[in-house]
Amino acid sequence: MYPDDLRYTAEHEWVRSPGEADGSVRIGITHFAQEQLGDIVYVQLPAVGDEVTAGGVCGELESTKSVSELFAPVTGTVVARNEELDAAPEQVNSDPYGAGWMIEIVPADTGAVDQLLSADEYRSQVEG
Amino acid sequence: MSTDDLAKTSLYDRHVALGAKFAGFGGWSMPLQYSGVVDEHTAVRERVGLFDVSHLGKASVTGPGARAFVDSCLTNSLEKIGPGQAQYTLCCDESGGVVDDLIVYLRADDDLLLVPNAANNAEVVRRLAAAAPGGVEVRDRHRDYAVLAVQGPGSDEVLTALGLPTGHPYMSFTETAHDGVPLVVCRTGYTGERGYELLVPWDDAATVWDALLAAGAGHGIVPAGLGARDTLRTEMGYPLHGQDLSLDISPVQARAGWAVGWSKPAFWGRDALLAEKAAGPARRLQGIKARGRGIPRPGMTVTAGGEPAGTVTSGTFSPTLKQGIGLALLPPDIAEGSEVQVDVRGRAETFEVVRPPFVRPSTKGS
């Protein structure tokens, strides 16, 4: 449920390094987050070229019953967004670490990702 | 309110075993969803779903003159129905505000069963008991009956498999038994689909729940929670008390005037409601449907021509239409077909004003 090769945040995002775009990391939300949200029906993501700040709100996830914010795990520039989520937001529920990815960011500080939670640390947070 | 303070239905352990997520509603810990809201919603529209709605209130009014007494209090006219029929009605206060909306089951002239909302049962009982004449007894029976709703085009097959009666007219009920358990089988619901609501003795609910799930297995039955119940009723434009009807939102404003017996000599709120009807309501409950990706939520502000016009009272994503839908209180001069904006967390999203239902109901077919 929480792949060991990813990094995590306390706000339930995951970060995969490297991403597909040059120098980028890929970002999505965790299995725990998608389960808490329920059926996701709308994903609003930042535009390519946007600057995002670690811990800052950079998007919005809306489910049948509630809305939650997407936080940027690291500071950097958005270089890709998963355009498929516009038509198929349910991919976040069905495949949160694969087809349900959200954005790719080129971090301002390449070491920032290593400061995030390991899978073990995140797992102990959500499974308490 | 902590989880410990919430009441539990007699099916709580069943819901836990089915992996339900729970939410507090009207003072009860209720299953919000099992497999997921969209999945359960679709099952009810296309096959059949089973809901535990035992949180709903129950009260009996019995004794000589019980029917005439209730008819003089609640808004709808009990002259329109006979024994064996149920009716949607409203309990108003003298100012015309809605204390609750409820279903009345007319068993006999001296025996009525009321099904108010969970949070309002005690208040409806209190008001009726305070007004009841000698010989008419009003009793709170909240925990005497569980309520199971079997909803969807496959509901007849599921009930038939259990040997239960089906096919009686919309809003009528039959008293029967299953394995020695007495049941009231009513052709009612809150989903817009053909379906039934079963009143079951509280302690026998698990037996009947298990039997319905087993009988429905071949018909694609799924347990469904309050999340799907809310998206289903919103697609129908059915009001939810506390959101679309309240002490501050009268039946004239909520366009529930069809549930008011206007020619009756007496019912609570009569003078105020007749005056409001004659003058025309200051605001009306309208449907709104998204032109884009916006999903309205209760409390959001509606604007027209840049000016604040009203408030969203109910709103959700419609799993059937795959777009945002809602109900909103709007000035009467905003007509169907016009465009309004809803402030969705700082974004102005465009909606069309429409007349509900958003999805064609199939409750009444024979």
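How far apart do the end C-alpha atoms of residues 24–106 of chain A lie, and what percentages of the span are helix and strand? The end C-alpha atoms lie 4 Å apart, and the span is 18% helix and 41% strand.

1. Basis of the values. This is a predicted model, in which local features need pLDDT of at least 70 and side-chain atom pairs count only at pLDDT 80 or more, whereas totals for chains, interfaces and linings use all residues; side-chain values use heavy atoms, with hydrogens and water left out. Residues are numbered from 1 along each chain as its sequence is written, while chains are lettered from A and ligands numbered from 1 in the order in which they are written.

2. UniProt (unreviewed entry) places "domain: GCVT N-terminal" at residues 11–264 of chain B, a stretch that is 25% helix and 30% strand, with its end C-alpha atoms 41 Å apart. The UniProt annotation "domain: Aminomethyltransferase C-terminal" (unreviewed entry) covers residues 283–359 of chain B, and that span is 0% helix and 58% strand, with 24 Å between its end C-alpha atoms. Helices (H or I, at least four residues) and strands (E, at least two) are DSSP runs, numbered from the N terminus.

3. Contact between the chains. The contact, meaning heavy atoms within 4.5 Å, takes 14 residues from chain B and 15 residues from chain A. The area buried between chain B and chain A is about 1300 Å², of which carbon and sulfur atoms give 44%; buried area is the accessible area (1.4 Å probe) that two parts lose on being put together, summed over both. On the side of chain B, the residues that lose the most area to chain A are B:Arg293, B:Arg297 and B:Arg345, together 40% of what that side buries.

4. B:Arg293 forms a salt bridge with A:Asp86, with the closest N and O atoms 3.5 Å apart. Helix H2 (37–46) and strand S16 (307–318) of chain B are the elements that give two or more residues to the side of chain B that touches chain A, and the largest share, three residues, comes from H2(B). The residues of this side divide into four nonpolar, three polar and seven charged, with Ala, Val, Leu, Ile, Met, Phe, Trp, Tyr, Cys and Pro counted as nonpolar, Asp, Glu, Lys and Arg as charged, and the others, Gly among them, as polar.

5. Domains of chain B. The assignment gives domain 1 (3–54 + 143–236), domain 2 (59–140) and domain 3 (282–354), the bounds coming from an automatic or database domain assignment. The C-alpha centres of domain 1 and domain 3 of chain B lie 31 Å apart, and the contact takes seven residues from domain 1 and nine residues from domain 3. These two domains bury about 650 Å² between them, 64% of it on carbon and sulfur atoms, and in domain 1 B:Thr231, B:Thr234 and B:Glu235 lose the most area to domain 3, together 59% of what that side buries. Between domain 1 and domain 3 of chain B the count is zero salt bridges and four residue pairs in polar contact (both at pLDDT 80 or more).

6. Backbone details to inspect. A cis peptide bond joins A:Ser17 and A:Pro18, with omega about 0°, and another cis peptide bond joins B:Pro356 and B:Pro357, with omega about 5°. B:Arg345 has a positive phi of about 45° although it is not a glycine, and B:Arg345 lies in the loop between strand S18 (339–344) and S19 of chain B.

Definitions and conventions
A salt bridge is a side-chain nitrogen of Lys or Arg within 4 Å of a carboxyl oxygen of Asp or Glu. UniProt positions are given in the numbering used here, feature names are shortened, and annotations may be inferred rather than shown by experiment. A polar contact is a pair of N or O atoms within 3.5 Å; within protein, one must be able to donate a hydrogen and the other to accept it, and residues adjacent in sequence count only if both atoms are side-chain atoms.
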